[in-house]
Amino acid sequence: MSYTEEIYDRVVAQNPGEPEFHQAVKEVLDSLKLVIDANEEKYRSVSLLERLVEPERIISFKVPWVDDNGKVQVNKGYRVQFNSAIGPYKGGLRFHPSVNQSILKFLGFEQIFKNSLTGLPIGGGKGGSNFDPKGKSDREVMAFCQSFMTELSKYIGADEDVPAGDIGVGGREIGYMYGQYKRLTGKYEGVLTGKGLNWGGSLVRTQATGYGLVYILDAMLKDHDISIADKTVVVSGSGNVAIYATEKVQQLGGKVVAMSDSNGYIYDANGINLDVVKDIKEIRRGRIKEYADEVPGAVYTEGKGIWSIKCDIALPCATQNELNLDDAKTLKANGCIAVAEGANMPTTREATDFLLAEGMKFLPGKASNAGGVGTSALEMCQNSMRRSWSFEEVDEMLQRMMNDIYAKISDAASRYGVEGNYVVGANIAGFEKVADAMMAQGTAL
């Protein structure tokens, strides 16, 4: 049995009932087998993989808060501080009913390699709660966020752990949490990213994950003499990532014809009117089905099925495991040439393997959605320097960062004889930097 197989079996045995974490670890270890096998004695001698797959710490806590009816509600809160070998823990906070320890460990583990790929000094972490902000009043959301931060504040700091937003955590939630952090600590520091522009936030942060996704997609396609212009694109989701991926695709001449939310999806053969989507989602906090009521010719379909729509490029930007093997086969049959992940692990392992085996161009989320955390790190830089860069400056740095990530993952794939396999390339390129740092710092990490 190989070293990587031993470690995967160990993870499954020691972390029962955590399928998302198992999936993430297996995908990474399978990719790393090439580099681990070539250096097995070196890595075994210091138990590097055993240390890599184990979080440095996991904080779990209750979050009591009072709803508008005066009833005390109790949710669970978490922070998984996974690896700090190359910098302070960095990763989002997710507020969603599906949040549990397995999901946050998978996200935190992925974050290690994603953050490494940015080239910036940030480690991997993730956190959140099973609280659902949907349907809650602003006062209820504030009450929850203040209670959540009362506990979380004990474990974070500008040079220790810098959370950001994720699903269910936008500018409103970041604002409430940052206010409570300042109240508790008396510190005005860059402890959270995604802040408002008037109080420490960075321009482009809102657009960063979606723009970054399309920047690296564009870099990959250009490397194969393909242009986004005139391509038909399907984007799942209609949140922050999906909206700004759509915006950048349109700016580069592509046509997005479908978007979705958890209830269903819309199809607009004329191309998505993004102003309408932004009004529904960012202003009214409504459902995507409202688009069909406002745009002539648009069709809304309840449930799943967005990947049945014919397209040249698919951008899964909603949630984990949303694109399965049957979806991948449908995309291939319909002539899709490229899939780039905007969400975290939105493509199942079986679907990913199929797309790679069929020779489709595939960008994994740890590379293709790294623009969000990369720009969060740029916000940290600005906070430390007490200055703000212009939109153009940050956007230029983001584009350069995504181009650099593509170059790194393409190079790593080529060096290990799997040219064009950007899943393996991303895992190896991210791992090499973290492994070197862990080796240099001894067995403490």
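The model is predicted, so to speak of local features a pLDDT of at least 70 is needed, side-chain atom pairs count only at pLDDT 80 or more, and totals for chains, interfaces and linings use all residues. Residues are numbered from 1 along each chain as its sequence is written, and side-chain values use heavy atoms, with hydrogens and water left out.

**Overall build**

- The protein chain has 17 helices and 12 strands; these are DSSP runs numbered from the N terminus, with helices being H or I of at least four residues and strands being E of at least two.
- Its radius of gyration is 21 Å, close to the 22 Å from the globule rule for 445 residues, so the chain is as compact as a globular protein of that length. The radius is taken over C-alpha atoms, and the rule is 2.2 Å times the number of residues to the power 0.38.
- Along the principal axes, the C-alpha trace of the protein chain spans about 65 × 55 × 45 Å.
- Of the 445 residues, 57% count as buried. Buried means under 20% relative accessible area, exposed means over 50%, and partly exposed is in between (1.4 Å probe, protein chains only).
- Take the contacts between residues at least 6 apart in sequence: 72% of them join residues at least 24 apart. A contact here means heavy atoms within 4.5 Å.
- The accessible surface of the chain comes to about 17,300 Å², and 48% of that belongs to carbon and sulfur atoms. Accessible areas come from the Shrake-Rupley method with a 1.4 Å probe, and for residues only the protein chains shown count as cover.

**Nonpolar cores and a surface patch**

- In soluble globular proteins, nonpolar side chains tend to be buried together.
- The largest nonpolar core here has 100 residues, and F109, L217, Y291, L315, I405, I409 and F431 have the most contacts inside it. A nonpolar core is a set of buried Ala, Val, Leu, Ile, Met, Phe, Trp, Tyr and Cys residues joined through side-chain atoms within 4.5 Å.
- A second, separate core has 22 residues, including I59, V169, M177 and Y181.
- V66 sits in strand β1 (residues 57–66) and counts as partly exposed, at 38% relative accessibility.

**Salt bridges**

- The structure holds 27 salt bridges, each being a side-chain nitrogen of Lys or Arg within 4 Å of a carboxyl oxygen of Asp or Glu.
- E40 and R44 pair up at 2.6 Å, N to O. They are four residues apart in helix α3 (residues 40–45), so about one helical turn separates them. E40 is partly exposed at 25%, and R44 is partly exposed at 32%.
- R79 and D161 meet at 2.7 Å, N to O. R79 lies in strand β2 (residues 72–83) and D161 in strand β5 (residues 161–165), so this pair ties together parts that are 82 residues apart in sequence. Both R79 and D161 are buried.
- E432 bridges to R415, with the closest N and O atoms 2.9 Å apart. Because E432 is in helix α17 (residues 422–440) and R415 in helix α16 (residues 391–415), the pair ties together parts that are 17 residues apart in sequence.
- K26, D30, R349 and D353 are linked in a salt-bridge network.

**Loop residues to look at**

- R285 has a positive phi of about 55° although it is not a glycine. R285 is in the loop between α10 (274–283) and α11 (290–294), and is exposed, with a relative accessible area of 58%.
- M345, also not a glycine, has a positive phi of about 50°. M345 lies in the loop between β11 (338–340) and α13 (349–357), and counts as buried at 7% relative accessibility.
- V99 is in the loop between β3 (89–95) and α5 (101–117) and is buried at 6%. Leaving aside neighbours within four places in sequence, V99 is in contact with Y78, R94, L104, G128, S129 and N130.
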